[in-house]
Structure formats: structure tokens, C-alpha cells
Amino acid sequence: MKKLCLVGLFSVLFSTSAAAYSVEHEFMVTIGPFEASKTAFTYSLSPDSYEVRSMAETFGVFDALYPFRANYFTSGKIRGQNLITDDYHYVSYSRFNKRTKQLVYNNNGLPVCRISSKNDEKKKVEIEQKPENKDTTDLQTAFAELARQYSRYRFCDSRMRIFDGKRRFDVIFRDEGQENLLPGPYSAIAGKAAKCSFHIDKLDSDGDDLLWKVTSERPVYFWIMEDEKQKKPFIAKISLEKTPLGRLDVYATRVTVKE
């Protein structure tokens with residue numbers, strides 16, 4: 001269920017201050033009529049590095065229909081204003097398959113090798129270094145850069161160049177105004193939130209990844225709030241109006257900030 005990976009795209013959206021701290025989120029994911037998944041994310045930031053760990057796992061009726069669980073990890077260093085990826089890897093399990101992927105990066109944060117496996121059958125591919133891939137980053141680090149921008153200037157508008165080891169594309173973020181979020185059956189978190197959106201400009205690239213397809217055809221909306229005590233921004237809600245299984249909503253059920 002690759003659309004569950006959507007949650008992971010927001011996993012470093014809170015790496016914003018010079019002091020070291022960590023943020024832990026717990027989310028409830030609903031897809032159509034299903035309570036589809038509970039996810040957990042832990043983030044940490046120091047003055048010269050960042051790191052994020054995330055987990056997604058289906059449960060209930062949805063788990064019986066589409067069983068899926070996955071763990072993701074991204075880490076990197078901070079040089080001045082630039083966040084440079086050092087490592088990215090994940091492992092996922094569906095009904096019939098176990099998949100892994102690791103990207104090996106050079107000192108400039110560009111992937112030079114992709115190591116993947118399906119049901120423990122490994123494949124290693126050297127990544128061709130093309131001029132158009134210069135000054136790009138990975139998708140999760142792009143959200144960390146957005147976080148730094150939002151923390152300092154309180155706006156989302158930006159366009160970032162992404163290279164994931166296979167495809168070159170851009171991610172476009174836009175401000176969508178302010179909204180008041182109300183408490184609901186999945187989350188008690190409520191109050192004024194900044195509404196933003198993002199979508200993928202494929203730049204004539206192609207692929208059969210479901211997440212890739214739906215985020216290039218329509219925007220994903222997300223709502224940013226701040227915790228009352230430490231004033232750290234966090235994602236209160238994520239929403240994608242249409243997927244093959246219906247509307248996708250992600251609700252923050254618990255946010256813990258530690259310094």
C-alpha cells in the first residue's frame with residue numbers, strides 16, 4: 001500500500017531550530033470507509049545533522065484486505081543552509097512480498113548507488129550522474145528544508161528539485177490560507193492552522209508507483225500548527241481527496257516534543 005508512504009513524506013517537517021530536539025508523532029490514517037493504519041514517527045535534529053525514523057502498519061479489516069507494514073529511515077548532515085542526505089533505506093512487507101531499498105550517497109548528497117531486493121533477491125545498480133541531477137535532494141529532505149523555511153518565515157511557497165535515484169522531478173509547495181481545525185473522532189487536536197499543499201511536477205518522467213501518480217494528478221493538503229509549550233510546528237492533518245480506494249485523511253492523535 002504505497003499510498004501509506006504519503007505519511008512518511010511529512011516525517012522531517014519539524015527540523016527547524018538550532019538546538020537539538022526530537023519530535024514524535026502518532027497518526028491515524030483513514031482511507032475511504034476504513035481505519036487503515038496507525039503510524040509512528042520520531043525525528044531528531046542537532047546543529048549539524050538530522051534524522052527521521054517512521055513506521056506504518058495496517059490493522060483491522062483493512063489489514064485483512066491489504067496487509068502492509070514498513071519502516072523508513074533518513075539521515076544527513078547540515079552544512080550552513082543546506083541539508084545533505086547521507087543515508088536512506090526502508091523495508092516493507094505486503095501479503096506476498098518483502099522489499100528493501102537503500103541509497104548510497106556521495107559527500108554532496110547525491111545518490112551514487114541503489115541497492116534493492118524483493119523477497120531477499122538483491123540487486124545493485126550504479127546510478128548515472130547527469131548534469132540535470134546537480135543541486136537536487138531527496139524527497140524527505142525537501143520537507144526538512146520546507147520546515148526550516150516555514151519556521152523562519154511562516155510560509156510554504158517554494159519549488160524544490162528532487163532526484164530519487166531513478167527520476168528527476170520537482171515538488172511544488174503552496175500556501176492555501178488559514179483554517180480552524182475542529183476536534184473529531186480521530187483527533188482532539190484543534191485550533192487555527194496554516195493550510196498548505198504540494199504536488200509533483202513529473203518533468204516528463206514516468207512511473208507506475210501509485211503515490212507518484214496520485215500526487216502528480218492532484219494536490220495533497222496539509223495543515224501546520226505549533227505546540228503550545230515549545231512553539232514547534234507540526235502537521236495536524238494531511239488530506240488527499242481521491243485515491244483508488246477513496247479519500248485519504250491522516251490525523252495527528254499525539255505529538256511529543258523533546259529537547
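Me: What's the bridge partner of Asp170 in S11?
Reply: That's Asp201. Bear in mind that this is a predicted model.

Me: OK, and how many bridges join S10 to S11?
Reply: There are 10 of them, and the two strands run antiparallel. S10 covers residues 168–181, while S11 covers residues 191–201.

Me: What about S11 and S12, how many bridges there?
Reply: Five, again with the strands antiparallel. S12 is residues 220–226. Within S12, Ile224 is the bridge partner of Ala194.

Me: Is S11 largely enclosed or open?
Reply: Largely enclosed by the rest of the structure, because eight of its 11 residues are buried.

Me: And Phe198, buried or exposed?
Reply: Phe198 sits in S11. Its relative accessibility is 1%, and the cut-off for buried is under 20%, so Phe198 counts as buried.

Me: Switching topic: which residues have the most contacts inside the largest nonpolar core?
Reply: Cys156, Val171, Phe173, Phe222 and Ile224, in a core of 41 residues. Helix H2 (residues 139–153) gives the most to this core, with six residues. There's also a second, separate core of eight residues, including Phe68 and Tyr88.

Me: Back to Ile224, what is it in contact with, leaving aside neighbours within four places in sequence?
Reply: Tyr150, Cys156, Ala193, Ala194, Cys196, Pro233, Phe234 and Ile235.

Technical notes. Residues numbered from 1 in each chain as written. Predicted model: local features only at pLDDT ≥ 70, side-chain atom pairs only at ≥ 80, totals over all residues. Heavy atoms only, no water. Helix = DSSP H or I, 4+ residues; strand = E, 2+ residues; numbered from the N terminus. Buried < 20%, exposed > 50% of the residue type's maximum accessible area, 1.4 Å probe, protein only. Core = buried A, V, L, I, M, F, W, Y, C linked by side-chain atoms within 4.5 Å. Contact = heavy atoms within 4.5 Å. Pairing = 2+ DSSP bridges.
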